[in-house]
Amino acid sequence: MTLRNDVVNFAMETEANPYLMGGYAPVHTEITADDLVVIGEIPRDLNGVYVRNGPNPQYQPMGRYHWFDGDGMLHAVHIHDGKVTYRNRWVRTEGYEREAHAGAPIWTGIIEPLTANPRRAPLKDTANTDVVYHNQKLLALWYLSGDPYAVDPITLETLGKETFDGKRPGHVSAHAKVDERTGELIYFDYGPRPPYMTYGVVGPNGQLKHFVPIDLPGARMPHDMAITEHYSILLDLPLIADPSAAREGRHKIVFRRDLPSRFGVIPRYGEANTIRWFEGTPCYMYHTVNAWEDGDEVVLDTCRVAKPAPPDTAVGRLEKMLAYLRLDAQIYRYRFNLRTGQTREERLDDANTEFPTMNTRCLGLQTRYAYNVHISPEKTLLFDGILKYDTQQGTSRAHWFGPHRYGSESPFAPRPHAQTEDDGYLLSFVYDAREDRSELLILNAREISDEPLARVLIPQRVPIGFHACWVPEERLPQPSA
Ligand SMILES: [Fe+2]
């Protein structure tokens, strides 16, 4: 029986990694294409750039591949006056450039032992996870906390590592937050050594203006954070790096269901000793929706994974990866009472949804709507629709992509002079598995269940990927007069 399992796992791990096939397979050509075919009509008041990050290995991976390993590639559509230009470009990270120069892969990924990788960089920082817009540049960010790579928002040319005016003290994790009202970038960094986390605020001009250590009880794997108008919320969740595996040079995470989830509420410019920790049910959170202040309370809407560990039946590293990536998350509302120290947790819906977006103009202020992708029951992570949550009414409405069609994280693009929070559009790259091609979908966010306003055919497949953002035209660098 053991032999049979070994044979099955060997075949799976060497030949049939689903995250290298079909909609996940990398593309090898960087293209620029304009005047794309549009089915429907692009709203004339939708002008800007939708850009999405994701893994796209430059070379056939050495050893077993994890979906998180691939080199970051940005896919962008630039919409102006009803016309669309599509571009895809790799992020020219240090690791990408070293492998390109060698003409071969140098790093193995997180499933393999890291001992054979370059000693000073045991994992390749791929900048493949999120993309945010700050100080007139895109920043490509990495989930294990890495160097932020600055990218031109129009050409997608990599400009180099963002240094915060030469003052960046460490790395930046994937989900930095941009407060569009103040122009600040708020972020955290985490790592294997005390204090295990740091927290920083960068001003609108790109200069670091606040930076403090955050003492955690041990090494953690935080992925996201949240901001309100005056506070930031940092996460200490009991999904942790296995210390014994780390000592052996392996990357392994374990869910410690005997530890509480902890939420650190710190004033935006607070010193380390001003953080207030709130405890809650053991769980994991990949992504928060939004947070705000409500009297004595700080409110957090977030996607919560109740059981982040793979089932005990998962055998082999790749099967464990598949199990980990089969997300099962629900939208929750947390209330942290700054007066009493109490935490209240409330599930808002049962549906399995994640990769939330919202109207980022309201980030940190009370919001009513969240736009989460719905997780398909397929064995790999795929999004088969978008749910628009109305958290005030406690209702949701859906847009389903259709059979064998899978979308991307779908940022909200506000209409100019919008009167309501949901007055705008949602954008998503959709992959059609039967036709093996991709398109851009533009939805009316107010009437999400309606037929798309426009479908734009992309002349090259856009591999399934991670996070995205929308940059309105008026925030893009303006051509000099
Ligand atoms: Fe993420």
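Q: Which residue of β7 does Val132 stand opposite?

A: In this predicted model, Val132 stands opposite Leu139 of β7. The strands concerned are β6 (residues 130-134) and β7, which pair in the antiparallel sense over 5 bridges.

Q: How many residues lie between β6 and β7 in their hairpin?

A: The hairpin has 2 residues between β6 and β7, and Asn135 in the turn has a positive phi of about 55 degrees.

Q: Which residue of β8 stands opposite Leu139?

A: Leu139 stands opposite Ala150 in β8. Strand β8 (residues 149-151) runs antiparallel to β7, and 3 bridges join them.

Q: How many of the 5 residues of β7 are buried?

A: Strand β7 (residues 137-141) is mostly covered, with 4 of its 5 residues buried.

Q: Why do the buried residues of α4 line one face of the helix?

A: An α-helix has 3.6 residues a turn, so residues three or four places apart point the same way. In α4 (residues 317-325), the buried residues are Leu318, Met321 and Leu322. Viewed down the axis of α4, these buried residues fall within an arc of 100 degrees, and therefore they line one face.

Q: Where does Glu229 lie, between which strands?

A: Glu229 lies in the loop between β14 (226-227) and β15 (231-236). Leaving aside neighbours within four places in sequence, Glu229 is in contact with Glu293, Gly364 and Leu365.

Technical notes. Residues are numbered from 1 along each chain as its sequence is written. This is a predicted model: local features need pLDDT of at least 70, side-chain atom pairs count only at pLDDT 80 or more; totals for chains, interfaces and linings use all residues. Two residues are in contact if their C-beta atoms, placed from the backbone, lie within 7 Å. A residue is buried if 20 or more other C-beta atoms lie within 10 Å of its own, exposed if 12 or fewer, and partly exposed in between; C-beta atoms are placed from the backbone. The arc is that of the directions from the helix axis to the C-beta atoms. Two strands pair if DSSP finds at least two bridges between them.
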